[in-house]
Each structure stands twice: as structure tokens, then as C-alpha cells.
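Let's walk through this model together, one question at a time. Have the sequence and the 3D view open as you read.

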Amino acid sequence: MTGSEGEGEGGGVAGGGAGSADVDRPAEARTWVRTWAEAAGCPAAVVEELVLLVSEVLVADAARAGATHGPRRLRAVPSGGGLVVEVELPAPLLPLPEQPAADDPRARLAVAAAAALSVAVDARPADDGGQSVRIQTRA
């Protein structure tokens, strides 16, 4: 994981503002998201759903045919008693199919997103032709 804004010494969250990090592996992302979600005061079940979905976005992105490898930018923004985590991807990953084929790299993400009770997944186009996948706690 490379430098990030809004983080204090040792990767802790400073000041409760927005922060970002470039992560190379889902394990790094899980640790980073967990830290931010806990600092935002999210209940344990919500933290786990955020962590799972961010990890599944990164895994699905890496498993796509022709996927480029390298760090992915994560951004956390506290939002009305919850948290929004954005994952910047170099190519669109969403929308998710309602019934993905078993060999679709998005299958696990689709199942996890459909089962999520505390968070919602959406996306918007990024300026560079990629996509910003947003995982947001539900009000």
C-alpha cells in the first residue's frame, strides 16, 4: 500500500475526513477499509459487509480477461453516520448480471452484493474511461 491522505501515523484515520490509498492486494484493502469503517462508527456487521464487497470488487477486477495489474485507488468518505468507499478501476466492472455464469469473474461479487443488507453497490464512469465503484452504507 502506498501513501494516503487523511491517515495518521501507522495507517490510522486522522481527523475523520476523507482519505485515500493505493492498494496492490485485497488483503491490504481489507485492513484499510476496516480501519476507516470502524473509525466512522459503523457497526461490526456493516464493517464486515464493506470489507467483503471491496475485496470482491478487487478480486473480480483482477480476474477479468485482459485486466491490467497494479495498485487500485481506494477512497473513503464519511457520510451521514456511515461511510462511502470508492474503488477506482481502469475499466468498467458494473453493472452486475442478475444471474452470472459460473465462469464470470463477477459472479462472487454479484452474489455478495445481492446478499448485502447494510451496504449498497453502485458505480459511475471515471474521467479516464474506467469506473468508480462505490460501496455505501445504507441509511
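Predicted model: local features only at pLDDT ≥ 70, side-chain atom pairs only at ≥ 80, totals over all residues.

Residues are numbered from 1 along each chain as its sequence is written, and side-chain values use heavy atoms, with hydrogens and water left out.

Q: How far apart along helix H1 are Trp 32 and Trp 36?
A: Helices (H or I, at least four residues) and strands (E, at least two) are DSSP runs, numbered from the N terminus. Both Trp residues sit in H1, which covers residues 26–39. Because they are four residues apart there, the separation is about one helical turn.

Q: Are Trp 32 and Trp 36 buried or exposed?
A: Buried means under 20% relative accessible area, exposed over 50%, and partly exposed in between (1.4 Å probe, protein chains only). Trp 32 has a relative accessibility of 2%, and Trp 36 has a relative accessible area of 2%. Trp 32 is therefore buried, and Trp 36 is also buried.

Q: Where on H1 do its buried residues lie?
A: The buried residues of H1 are Glu 28, Ala 29, Trp 32, Val 33, Trp 36 and Ala 37. Seen down the axis, they fall within an arc of 150° (taken from the directions from the helix axis to the C-beta atoms). They therefore line one face of the helix.

Q: Which elements do the buried residues of H1 pack against?
A: Contact here means heavy atoms within 4.5 Å. The partners of these buried residues are strand S1 (19–23), helix H2 (44–63), strand S2 (72–79) and strand S3 (82–89).

Q: How far apart in space are Val 84 and Trp 36?
A: Val 84 belongs to strand S3 and is buried, with a relative accessible area of 5%. In sequence, Val 84 and Trp 36 are 48 residues apart. From C-alpha to C-alpha, the distance between them is 9.8 Å.

Q: Which residues does Glu 56 touch, not counting residues up to four places away in sequence?
A: Glu 56 is placed in helix H2. At 8% relative accessibility, Glu 56 counts as buried. With those sequence neighbours left out, its contacts are Arg 108, Leu 109 and Ala 112.

Q: Which element supplies the largest share of the lining of the largest pocket?
A: Residues lining this pocket include Leu 94, Pro 95 and Arg 138. Helix H3 (107–115) and strand S4 (119–125) each supply at least two lining residues. The largest share, four residues, comes from S4.

Q: What pattern does the chain follow along the sequence?
A: The chain holds three helices and five strands. Of its 139 residues, 41% count as buried. Read along the sequence, the pattern is β-α-α-β-β-α-β-β.

Methods. 1 Å grid on protein atoms, 1.4 Å probe; cavity = no way out; pocket = protein on both sides within 12 Å on 5 of 7 lines; lining within 4 Å.
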